[in-house]
Amino acid sequence: MTATPSPSPTAKRVLLAAPRGYCAGVDRAVIAVEKALEQYGSPIYVRHEIVHNKYVVQTLERKGAIFVEETAEVPEGSIVMFSAHGVAPTVHAEAAERKLATIDATCPLVTKVHKEAVRFAQDDYDILLIGHEGHEEVIGTSGEAPDHITLVDGPEDVENVEVRDDSKVVWLSQTTLSVDETMETVDRLKEKFPKLISPPSDDICYATQNRQIAVKQMGGQADLVIVVGSKNSSNSVRLVEVALGAGARDAHLVDFAEEIDEAWLDGVSTVGVTSGASVPDILVEGVLEWLSTRGFEDVELVKAAEESITFSLPKELRRDLRAEAAALGSAE
């Protein structure tokens with residue numbers, strides 16, 4: 001049997017990561033906005049970007065969604081949706097004061113971290129929340145137990161951490177972090193606090209981990225990695241860092257294919273392509289088409305995991321959709 005010749009070093013190819021793009025929480029949040037617009041009409045107000053992706057936000061704005069930074073910007077009596085990143089209890093209270101109907105599109109994996117924070121605070125633990133200062137998810141989680149939570153923004157922040165009782169300390173994390181950097185932070189915390197407790201289950205979401213694993217698998221083979229995603233998307237930014245750490249010679253984050261610089265392709269024979277967990281696949285298809293017109297037509301899949309997780313719509317929408325279906329059924 002004749003062996004299949006391996007591609008020549010100069011052959012142009014694309015390594016396409018799988019999984020990539022939408023995770024279950026993002027898919028749920030985007031569909032929730034679309035369903036709310038169908039159900040109630042526009043406008044539907046959304047506090048903060050529903051997910052961190054420029055294309056998704058612009059598309060939903062064209063359909064009638066209005067994105068606001070604060071609950072106070074929503075007219076009294078209107079409908080407001082909370083983004084996939086979650087909000088603090090004070091935001092729910094503000095919405096109630098303004099007589100707003102709320103739809104909570106918080107990702108269930110973020111909700112899990114919120115519940116962990118509440119439970120450990122009730123048991124009077126000091127909670128060390130590993131995450132990035134100012135990120136909406138961190139603000140929301142911290143708001144669940146502000147008197148018990150201390151933010152730890154990376155390994156270099158560990159030396160500044162102080163606790164009341166080093167025998168009652170637990171760590172939690174933002175769901176969209178780099179797995180490696182988070183564990184480096186945890187290791188340093190454990191050196192300082194040997195009795196540090198870990199959360200009952202991993203806080204970093206399955207989709208974030210899977211996308212990072214796929215990038216690690218292709219990073220060492222790629223001269224250039226293009227990550228499709230927005231600059232305010234934490235998990236997308238992390239993918240660039242992971243690609244470089246895995247051995248990619250160069251890596252860049254772009255929202256759209258037209259942002260790719262032709263100069264990045266100089267001397268490049270293998271391009272890795274992936275996308276963050278809030279990126280629709282149409283944007284990846286645009287990048288592949290852009291590369292194809294420049295000779296990168298051979299696309300190989302780098303598969304790290306199968307994903308089959310789905311989440312049901314927010315309960316507020318499910319309740320109303322069921323009522324609508326029942327009304328239609330009784331009218332027949």
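Q: What is the volume of the largest cavity?
A: The model is predicted. A search of the whole structure finds two cavities of 30 Å³ or more. The space in the largest of them comes to about 250 Å³.

Q: Which residues lie closest to the centre of the largest cavity?
A: The lining of the largest cavity consists of 21 residues. Helices α1 (24–40), α4 (108–122) and α8 (234–245) each contribute at least two residues to this lining. By class, the lining residues are nine nonpolar, eleven polar and one charged. Those closest to the centre are Val26, His85, Thr175, Thr176 and Asn235.

Q: Which helix gives the most to the lining of the second largest cavity?
A: The second largest cavity has a volume of about 40 Å³. Its lining includes Ile130, Gly131, His132, Glu181, Thr182 and Thr185, and the lining residues divide into three nonpolar, five polar and two charged. With three residues, the helix that gives the most is α6 (residues 179–192).

Q: Why is strand β8 (residues 169–173) largely enclosed by the rest of the structure?
A: In a regular strand, side chains alternate between the two faces of the sheet. On one side of β8, Val169, Trp171 and Ser173 are buried, and on the other Val170 and Leu172 are buried. Strand β8 is therefore largely enclosed, because the number of its five residues that are buried is five.

Q: Which residue of β8 is the bridge partner of leucine 128?
A: Strand β6 (residues 126–130) pairs with β8 over five bridges, in the parallel sense. For leucine 128, the bridge partner in β8 is tryptophan 171.

Terms used
Residues are numbered from 1 along each chain as its sequence is written. This is a predicted model: local features need pLDDT of at least 70, side-chain atom pairs count only at pLDDT 80 or more; totals for chains, interfaces and linings use all residues. Side-chain values use heavy atoms; hydrogens and water are left out. On a 1 Å grid over the protein atoms alone, a cavity is a set of points where a 1.4 Å probe fits but cannot get out, and a pocket is an open set with protein on both sides within 12 Å along at least five of seven lines; lining residues have an atom within 4 Å of a point. Grid points are joined across faces, edges and corners, and a volume is the space filled by probe spheres set on the points. Helices (H or I, at least four residues) and strands (E, at least two) are DSSP runs, numbered from the N terminus. Ala, Val, Leu, Ile, Met, Phe, Trp, Tyr, Cys and Pro count as nonpolar, Asp, Glu, Lys and Arg as charged, and the others, Gly among them, as polar. Buried means under 20% relative accessible area, exposed over 50%, partly exposed in between (1.4 Å probe, protein chains only). Two strands pair if DSSP finds at least two bridges between them.
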